[in-house]
Amino acid sequence: MSPPKPRRTLNKPAKEGKLQKLSNEDMSQKFSDGLKITPRKSRTSKSGAVCSYGISEQERNEDEEKYAKHLVKNYTHQDISELLDFAQPATTASQDAAELETGFISNLMERILAGEKLPTKIGLDSRLLVQFAREIGKWTNGGSSRKFEKPLYKHFTNFALFVAQCLKSKAASKNSDIARLILPAERTDYKPDDSNDSRRIDVGLAVRGTDASVKCVSLGCYADMLCIAEAKKNRALDKDALAQLFMYSVNMYMRQPNRRYLWGLTICADEVYACLMLNDGFFVSPAMRISELAGRKMLISWLVRWSMCPEDRLGYDPTMRRVPVHSNTDGGSSYNGKVDDRMYTIDCYDDKSQEITTYITKRTITSADDMLGRHTRCFVATRYSGSGTDSSATEFVIKDAWSPAKHPPLEDPRDEIRLLRKIHDTFEDDTPDHIYPNMLVGGHVRLDQKDMSTIDTTDAIFNAAGVDRIDPPSDPDTKSAWKHQPLRAHRRIVMSPVGHSIKLVQNEAELIIVLVEAMQCYSSVLGRCGVLHRDISANNILVVRDGEDTIPRGLLIDFDFAIKVDTQERSARPARSGTMPYMSIANILNLDTPRTALDDWESLLYVVCWLATVGITSNHRVPDTELGKKPIKNWRIGSPEEIADAKRNHVDSARNFRSNIVSRFCAQYKLLPRFAKALHKALFGNGNCPGAHLDDVDDEESSDDDSDSDDKPTEGSNDPLVKRSAHVDAILADLEKVLDNFKSKALAAL
């Protein structure tokens, strides 16, 4: 008897040289009228995320370095001559003043570099300027390659101080357009105090008031930086400098929730580049060669414009204002190691009422942790009365994100605000038994630009520079220009109740209760509101407690990937969305089959498996070295095809699922293995579409000379993941029974 033939899958090996990145935040997808272009590599999570367990610091650092190089190669546009316009002062008069200041400072620098003695009547401290120019002169004469990069730190620092000294003398004059001074940090080549890793930045720049002393400032934290300057010893290392800039700058997004976008500088021997970092692309200026007058003048121009432009053109959000807690003598702030100590007042505009409510944050729940994507931040906050926080005041959750949008943003059907308002209106008069995200305020962030209120979008950023953004080409093979950027809208939502990380459940029974309630909310929202969530993950299910010793409840959040669907058909067209490692197989492969509730229920199964494997509390946590040996690790790292293949193999049969996954759960869990097996049976044990692998294709049929087949299995009736779309209702009924059964068991266990 011959052995059975192996079952075949649709998965093809990933093409060499292509990198797939499916970020835990939103996979950094590019959107253009429904088109989603996803880069080519799965990457690890930031430290602290549930799906980051099992990753060593070295592995994470290596991954971040690869990812940074990927960003340089695939998302960076160089030699953008219009880049300076993004930092222009707001009015024509201010722009003219910036030109005059640039010319004056450039002329003064050239005179000193030429050895000319300055007259005392110019009103400047000539001694200081000559001292600064001495270091600048070493820079201009150093050539295109250096033996060491460290002297460059001092050269650049003195250049910045020279410009600041000149601007300070003018700032005191009446009607001055100079808004701030840009000053370098007193330390160089250092690890910021609020860093999560051991990496060291070269030079940090800070914003100070025009009354500040012109000197290097105490700048210990990413939270206080305007931007970072990364240096390399020769011109040929410009891409390495950019990669380092990206690796370090993400920390500013994490520590500065009021940053809309970031600036940065790279210094490669005698060449300097300015870099603008947006949600979907990075733009680099032409080289500013310090050995040439034009290059020196251009760098002066950048520092002058950063000193004179509105704060929103520095990348700050003027509707989110930092509340000073501790101050240093030079105008900076001290830091005690906790991001939560940094409070902000936030203006929240409601699109429907057209009113603004101001809140003050109490702590940060979620920080932006990627250079690309939505840059989602979440805070616990109370209403702001003008006198700080009130410990007894009602708490709310504020979500702030740059979501993919269609034009005009207010009419975008994918808008999370519209979907949450639908949920609110549906449940307001007929409240369900479960809790749900109740939106109180929802609107687009608005900026005051050119004497008018403007919705904060990618277009607003480009328009402020006098540049027209262009939608990316629909053909993925068409090369994009730098202006081809997806439209994103800056949205802000205020919700209740306040939830906490799922990591705070105390035992497996509580976890099951929380997951069951979150999925009951999921089913109500889909059935009554016609909203398909499409991103079930450990990050999007929160724990809510009414009291310390009460039974927890589960709250489903983050409807940023959700879409409106027909309440009868309850399916959506194929589109990849979600969070690794919880995405369904069909979602990962973007199979040509409708997305249904079963994709989200499959994600729930993966959430259960992941938490049961890594440990649901710190007392149960599996050591990273052990987790790295378990098959489930293959749900996280690799190409989409590799991850999907691993999942197909693991869930194809009850035996595979038990031996590869369930048997690796933490030994102390008794309910979770049974819960996982019951969910698996309902999802993959239906008699009409069992398993997860393709059925065998008849060899004779596939080798028929008259057939047009190329002997490759097709996405059709032989794939159970495609076939199950015809049996959604029956499978959902089985899943609902599993929930009811195990909620009763979990309650009894408590």
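Is Asp-719 buried or exposed? Select Asp-719 and take a look: the residue is buried, with a relative accessible area of 0%. Keep in mind as you click around that this is a predicted model.

Arg-648 and Asp-719 form a salt bridge, with 3.2 Å between the closest N and O atoms. Arg-648 sits in helix α13 (residues 640–651), while Asp-719 is in the loop between α16 (699–702) and α17 (720–723), so the bridge ties together parts that are 71 residues apart in sequence. Arg-648 comes in at 0% relative accessibility, so this residue counts as buried as well.

Next stop: Glu-510 and Arg-545. Their side chains meet in a salt bridge at 2.5 Å, N to O. Here, too, distant parts of the chain are linked: find Glu-510 in helix α9 (residues 508–529), then jump 35 residues to Arg-545 in the loop between β21 (541–544) and β22 (553–556). Glu-510 is buried at 6% relative accessibility, whereas Arg-545 is partly exposed, with a relative accessible area of 26%.

Then go to Asp-459 and Arg-469, whose side chains make a salt bridge at 2.6 Å, N to O. Asp-459 belongs to helix α8 (residues 458–464), and Arg-469 lies ten residues away in the loop between α8 and β19 (488–496). Both Asp-459 and Arg-469 are buried.

For the last stop, select Arg-235, Asp-270, Glu-271, Arg-289 and Glu-292 together. Salt bridges with shared partners join these five into one network.

How values were computed
Residues numbered from 1 in each chain as written. Predicted model: local features only at pLDDT ≥ 70, side-chain atom pairs only at ≥ 80, totals over all residues. Heavy atoms only, no water. Salt bridge = Lys/Arg side-chain N within 4 Å of Asp/Glu carboxyl O. Helix = DSSP H or I, 4+ residues; strand = E, 2+ residues; numbered from the N terminus. Buried < 20%, exposed > 50% of the residue type's maximum accessible area, 1.4 Å probe, protein only.
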